[in-house]
Amino acid sequence: MSTTAGPVLVVPLSIRVALDLVVAGIARDADRPDGPAPARTIGVPWLIAEFERYGTAAVTDALIALGASPEEARAAIVAHRPARVWTVAAGPLGALLRPLRAAPVPLLPDLSPAAWRELGYVAATADGVEGPGAVLWAIAERAWTAGRRPDLADRCRIGLIRSMVATGGHRSLATVAVRAYRERA
Amino acid sequence: MNAPAAPDPAAIAAAVAGLDWWFDGMRIGGPFPGYGGPVVHWWNHCLAYQGAGLDWRYEGIVAGYLTLWRRFGDRSWLDKARRAGDDLVAGQLPDGHFRNSGFERNPGTGGTPHEVAADVALLLLAQALAGAADPAAARYLAAARANLEAFAFGQLWHAPTATLWDAPGAVGFVPNKAATFAEATMLLAAATGDDALVERYAVPTAERIVGLQIRRFGDPLDGAIAQNVLGTRVVEKYFPLYIARCVPALLQVAERTGQTRFRDAAVAAARFLVRIREPDGGFPQVLYPRGRRNRYPRWIAGQGDIVRALSLVAAEGAPVSADATVAWILGGTRPDGRIATANGFGRVVPGRGRRDRFADEVGVVGWCDKAFRALAAITDRSPTESDATFAAPVPTPRVVAGVVR
């Protein structure tokens, strides 16, 4: 046994929610009990490591691209032709907010819609994490903290957490985009 | 307004039997063996991941089963405590961390106070087995020691200030988490005979906790302990549950050192709890300065830790009763044996409550363990004598940030 514990990684909330969405989506798709990790995952190593902690449903014919570059995603899709592809990528708000963040999340944009069409895939689901609603809650939290109202700041913090999944038209503006694609029939 | 409602002994026994039944139903095999299921919490929920979590849920499970074994002599209770201990040993990583120890932040390692709470579980088990001359005690002691040395002593303890930080490299102190650390340290000291651990870790921790306690006669917050310190800033939030979790450690340090000021602090904290308790036996979630508060969610199962704190202080002769809170917990029992998590999740944030109403009824092992530990200590009959029957556990939908997927 080592005498020093390994580093403890604090996963940004937006990334945790994005991974939760992928896991929940896989469970919904696969409709099977928890089992070994998915067959093929590409992208940022620490994101892959976090994802593997879920030990989520086995999906033998899916590719999960977690912060993968468009080139890496394209190469994996061409090589393996998975029936389903999940992507966690930067959304439009991500680039806008990056300068304001102490520890920006290093996600790259998804392949363009034209590229997906060219590859023979269509979008199945599209979710956004940390949309304008969540950003407004975060601003309110900071304002109430500065105004020495921790009771209201706490409510805003919880409002922010409960609003991390963007709904309606806000999902296309979010900081993190979580999408599923399937092969065109 | 704190008129105690005498708890019904049969209801207590049935609740303990129900929790035992429900815990068995919450055991799962993947991604590794242990107690699984959803987590709902004040800040965040963990509902996408519902696999095993090696976190503070083990504290109450092991303590509760050991209590039943000691009180009623049935070997099966000890076997269940050992099974839980085996989960922790098997789920310990080579670097000393426990797998998925983050509770509401699962899946992830390095959860606080969750890993030291798991150590408490292991050390209680080792203590019980050592008392029965069972050589298996060494295995559980070794696992707890490895985690404490690698993580709490090795990464969280800041020796120059004698402070347990909340996270590696993060200058912050959280009394209730540090109290759990102090409990683990004192158990380790008792198991190894190394009394220096108490002086080095437990006493400075207790002193720091007492330093964050409000002692102003007539102040509504008299006896309350601030939630945490960030850098040098005291965060003036007062959560009854977390204040209660400081009480056992303060009493234990008082007993070990003979310093009555720690006992006085524990009694003051208990008096604060009794003073702010609501007529139905429940507690507000959090109090702030100048009379502000957020009542919701009002914990139900988790209030077991308040019952434990009040019972320990009452045993010291202080006039505090846990009866009303026991009755409040019993009101949360459900047909499948679980105890509901809370009342009022949907009222935490005006306008956003609709997304959160479901959370009240969710059964969470890491809350029910607290009720189990508290009720196991006061039931007057073995759960095996209960003729109550229970339904199968209710599955929880996978919800991400309030949206059902």
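How many salt bridges are there between chain B and chain A? The count is two, a salt bridge being a side-chain nitrogen of Lys or Arg within 4 Å of a carboxyl oxygen of Asp or Glu. Arg162(A) and Asp356(B) form one, with the closest N and O atoms 2.6 Å apart. This is a predicted model, so local features need pLDDT of at least 70 and side-chain atom pairs count only at pLDDT 80 or more, while totals for chains, interfaces and linings use all residues. Residues are numbered from 1 along each chain as its sequence is written, chains are lettered from A and ligands numbered from 1 in the order in which they are written, and side-chain values use heavy atoms, with hydrogens and water left out.

As for the rest of the chain interface, 46 residues of chain B are in contact (heavy atoms within 4.5 Å) with 38 residues of chain A. The two chains bury about 3600 Å² between them, 57% of it on carbon and sulfur atoms; buried area is the accessible area (1.4 Å probe) lost by two parts on being put together, summed over both.

Chain B itself splits into domain 1 (52-170) and domain 2 (212-381), with bounds from an automatic or database domain assignment. Their C-alpha centres lie 22 Å apart. Here 14 residues of domain 1 of chain B touch 16 of domain 2 of chain B, and about 1300 Å² is buried between these domains, 67% of it on carbon and sulfur atoms. The salt-bridge count between the two domains is one. Elsewhere in the list of pairs, Arg245(B) meets Glu59(B) in a salt bridge at 3.1 Å, N to O.
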